[in-house]
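Here is a short report on one protein model. Keep the sequence and the 3D view open as you read.

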Amino acid sequence: MLANKDMTLHQNLSMQRFLFWARLLAENLVLRHVFPALRTAGGVRQSEVILSIADHIEGRQSAGAQLLRRAAANSTADPDSLSPALEFCFTSPEFDELVLGWWKARGPSLVAASWVEPMSELVRFDLDSRPLPDAATRGPDEILAEVRDGEDVLVAVRDYEYDVLGMCHGIAADRRSEGPDPSPVTMELCWKAGFAELAASTNHEETAHYVARYRRLDGARRPPVAR
């Protein structure tokens, strides 16, 4: 039943759209640290963030945006529409462009000016560390296949202009009105290998095992990579 005395058809369809985007972005751990950070820095609820991203992406005309818009629209009648959306999310650099484009366009209306750039790096960190299907996917930086403690892994080094690790660990307890100062940091990201076969899976409990582990690297930063 799509409508009843307590819910109109429009309300039901709006709820189904929200559930689609919430499953894509939050349940499948595409964005993780951004949600509590925005709640602390701007008082923005997770549901508001999800709908803001959905509105922005569905308003774009790129092939990837159209794919996600169709998947969201079809989610009421076809729960499996999430599968191709997840595959696009985990395999295509265009997804990064769409989410970073959202922050550039809408971020300044969500937080104070001093938080815009730090939060942009945190968005990028979440995107960088989401599950990675293979070494040839998503981006120009070198990704190495290694064996660590008997486990096949993929390893990459990423530079950030703000201490994203410090933001992740400390922001929930930090109620400052001002954003952090620039504090460049180099991070190593390490993904469990084997996610290629699961990139289209809707089993978020399995997906959780493939989010990158990460650590700060000491010493000098690498030369900046053109983006």
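## Strands and their partners

Two strands pair if DSSP finds at least two bridges between them. Helices (H or I, at least four residues) and strands (E, at least two) are DSSP runs, numbered from the N terminus. The model is predicted: local features need pLDDT of at least 70, side-chain atom pairs count only at pLDDT 80 or more, and totals for chains, interfaces and linings use all residues. Residues are numbered from 1 along each chain as its sequence is written, and side-chain values use heavy atoms, with hydrogens and water left out.

Strand 2 pairs with strand 3 (residues 185-192) in the antiparallel sense, over 8 bridges. Here L154 stands opposite W191 of strand 3. Strand 2 also pairs with strand 1 (residues 144-148), again in the antiparallel sense, over 5 bridges. Strands 1 and 2 form a hairpin with 2 residues between them. In that turn, D149 has a positive phi of about 55°.

How many residues of strand 2 are buried (under 20% relative accessible area; exposed is over 50%, partly exposed in between, with a 1.4 Å probe and protein chains only)? The count is 7 of 10, so strand 2 is mostly covered.

## Salt bridges

Side chains of opposite charge can pair when their charged atoms come close. A salt bridge is a side-chain nitrogen of Lys or Arg within 4 Å of a carboxyl oxygen of Asp or Glu. The whole structure holds 13 of them.

R17 and D55 form one, at 2.7 Å from N to O. This pair links distant parts of the chain: R17 is in helix 1 (residues 9-27), D55 is in helix 3 (residues 46-58), and they are 38 residues apart. R17 is partly exposed, at 22% relative accessibility. D55 is partly exposed too, at 38%.

R32 forms another with D126, and their closest N and O atoms are 3.6 Å apart. R32 lies in the loop between helix 1 and helix 2 (34-42), and D126 lies in helix 7 (residues 113-129), so the pair ties together parts that are 94 residues apart in sequence. Are these two residues buried or exposed? Both R32 and D126 are buried.

R213 and E151 also meet in a salt bridge, at 3.3 Å from N to O. R213 is in strand 4 (residues 213-217) and E151 is in strand 2 (residues 151-160), 62 residues apart. R213 is partly exposed, at 43%, and so is E151, at 27%. Salt bridges that share partners join E146, R148, E188 and R215 into one network.

## The nonpolar core

In soluble globular proteins, nonpolar side chains tend to be buried together. A nonpolar core is a set of buried Ala, Val, Leu, Ile, Met, Phe, Trp, Tyr and Cys residues joined through side-chain atoms within 4.5 Å. The largest one here has 61 residues, and W21 and L24 touch the most other members. Helix 7 gives this core its largest share, 7 residues.

Which residues does W21 contact (heavy atoms within 4.5 Å), leaving aside its neighbours within four places in sequence? They are A26, I50, A54, I57, E58, L68 and A72.

## Two crossing helices

The axes (lines fitted to C-alpha atoms, for helices over the stretch in contact) of helix 5 (residues 82-91) and helix 6 (residues 93-106) come within 5 Å. They cross at roughly 90°, with angles running from 0 to 180 degrees between N-to-C directions. Helix 5 and helix 6 are therefore roughly perpendicular (65 to 115 degrees; under 35 is roughly parallel, over 145 roughly antiparallel, the rest oblique). F88, C89 and T91 of helix 5 make the contact with P93, E94, F95 and L98 of helix 6.

How values were computed
Contact = heavy atoms within 4.5 Å.
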